Amino acid sequence: MQVWRELSEVPADFGPSVVTIGNFDGVHRGHVSVLRRMCADARTAGARAVAVTFSPHPQQVHRPDTAPPLLTGDADRLELLEQTGLDAVLLLEYTLEFARQTPEEFVQRYLVDILHAQTVVVGRDVRFGRDNSGDLSTMVELGRQHGFDVEVIEDVTPAESADPGSPEDRAADPLRRRWSSTWVRELLDAGDVVQAARVLGRPHRVRGVVVHGDARGRDLGFPTANLSQDAEGMVPADGVYAGWLRRVLRADGAVVDAGDPDRVLPAAVSIGTNPTFDGVQRRVEAYVLDRTDLDLYDEVVVLELVERLRPTLRFDSIDELLVQMADDVTRVRAILDGAGVTPPDAGSAPAA
């Protein structure tokens, strides 16, 4: 999949294309269902499938104090978009100046002149251009003027998705609400990473650089990889989780080889402030099961969260904490060794 961050990077002869526009935060099952169908239609028409998306998220620019946390950073979003079969992604920097374009200017510049769109795929509630003044009727009219078709996609529910999952997945929400990023955020706020994975179609991810912590875990016999405070991906409710640690980039910036036996490792993940030690800073840290020999400092890693074991607790003594940590590790091992729970695909190339 080609990724363009500047218009100058798009080949002059690119197209014709089938284009969709969106933020695709989380790249959940609703997104995947629509994008895979769009890719199939583009192949049939002899066109290229392209997604136009934005960074940062528009809400972070217009309403930074109230914008919801992002489910995925750019690296994971691009990695997940590539898995849908897209030919290309145009990742546009979203600024206040960009937002001042009229609907006509946006369509002319990006969809017509650059991507040579023959079909534009949008939701019924699409809004674009200055003050969100462009809507579906605007896009249809601009399509008539510029010679591209407009395909309207409806909200996708578990029952309608091309990737609905198991019967349990389809029954996860009795109201049959649509797959959505908002739904995932609600589940993560509650620490329910199992249900969040059913909406996402995969375990939720948190990506960051491993930094030095207090070394308290090493002193206790459970050395942890602490993620930097600017880690990407919404951090779920405090607690202890079973998950996988996927090494992406080494400290020198080299990509971790897909065949490296230590690329994907089972981990117990702790999220919280370490109340037993009167901590105040919220942290995400992972203990790789049965490994005390790893040096992960300055590496980029992805934590994939499989199941929450318990909330964060305050213990009256170090001995009580150690007993609980040993029990946590036993439970994590059982969960990750359980039927149907497998590590993330170690054969796919990670996005840097």
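Predicted model: local features only at pLDDT ≥ 70, side-chain atom pairs only at ≥ 80, totals over all residues.

Q: Which residue of strand 5 is the bridge partner of V19?
A: The bridge partner of V19 in strand 5 is V120. Residues are numbered from 1 along each chain as its sequence is written.

Q: In which sense do strand 2 and strand 5 pair, parallel or antiparallel?
A: Strands of a sheet pair through backbone hydrogen bonds, either parallel or antiparallel. Here strand 2 (residues 17-21) and strand 5 (residues 117-123) pair in the parallel sense, over four bridges. Two strands pair if DSSP finds at least two bridges between them. Helices (H or I, at least four residues) and strands (E, at least two) are DSSP runs, numbered from the N terminus.

Q: What is the order of the strands in the open sheet?
A: The six strands of this open sheet follow the order 1-4-3-2-5-6, with parallel pairing. Strand 1 (2-4) and strand 6 (149-153) stand at the edges with a single partner strand each, so one side of each has no neighbour in the sheet. From one strand to the next, the twist averages 25 degrees.

Q: Which strands does helix 5 lie across, and which does helix 6?
A: Helix 5 (residues 103-114) lies across strand 2, strand 3 (48-55), strand 4 (88-93) and strand 5, and runs at about 135 degrees to strand 2. Helix 6 (residues 136-146) lies across strand 2, strand 5 and strand 6, at about 155 degrees to strand 6. Axes are lines fitted to C-alpha atoms, for helices over the stretch in contact (heavy atoms within 4.5 Å); angles run from 0 to 180 degrees between N-to-C directions.

Q: What does G129 touch, not counting residues up to four places away in sequence?
A: G129, in the loop between strand 5 and helix 6, touches A99, Q101, T102 and P103 when those sequence neighbours are not counted. The C-alpha atoms of G129 and E105, 24 residues apart along the chain, are separated by 8.0 Å.

Q: How many cavities of 30 Å³ or more does a search of the whole structure find?
A: Rolling a probe the size of a water molecule over the atoms shows where empty space is left. On a 1 Å grid over the protein atoms alone, a cavity is a set of points where a 1.4 Å probe fits but cannot get out, and a pocket is an open set with protein on both sides within 12 Å along at least five of seven lines; lining residues have an atom within 4 Å of a point. Grid points are joined across faces, edges and corners, and a volume is the space filled by probe spheres set on the points. The search finds two cavities of 30 Å³ or more. The largest cavity holds about 580 Å³ of space; of its 36 lining residues, T224, S270, N274, E285 and M325 are the closest to its centre. Strand 10 (264-272) gives the most to this lining, with five residues. The second largest cavity has a volume of about 150 Å³.

Q: What is the volume of the largest pocket?
A: The largest pocket has a volume of about 1500 Å³. Among its 47 lining residues, I21, G22, N23, D125 and R127 lie closest to the centre. Helix 1 (29-45) gives the most to this lining, with four residues.

Key: Heavy atoms only, no water.
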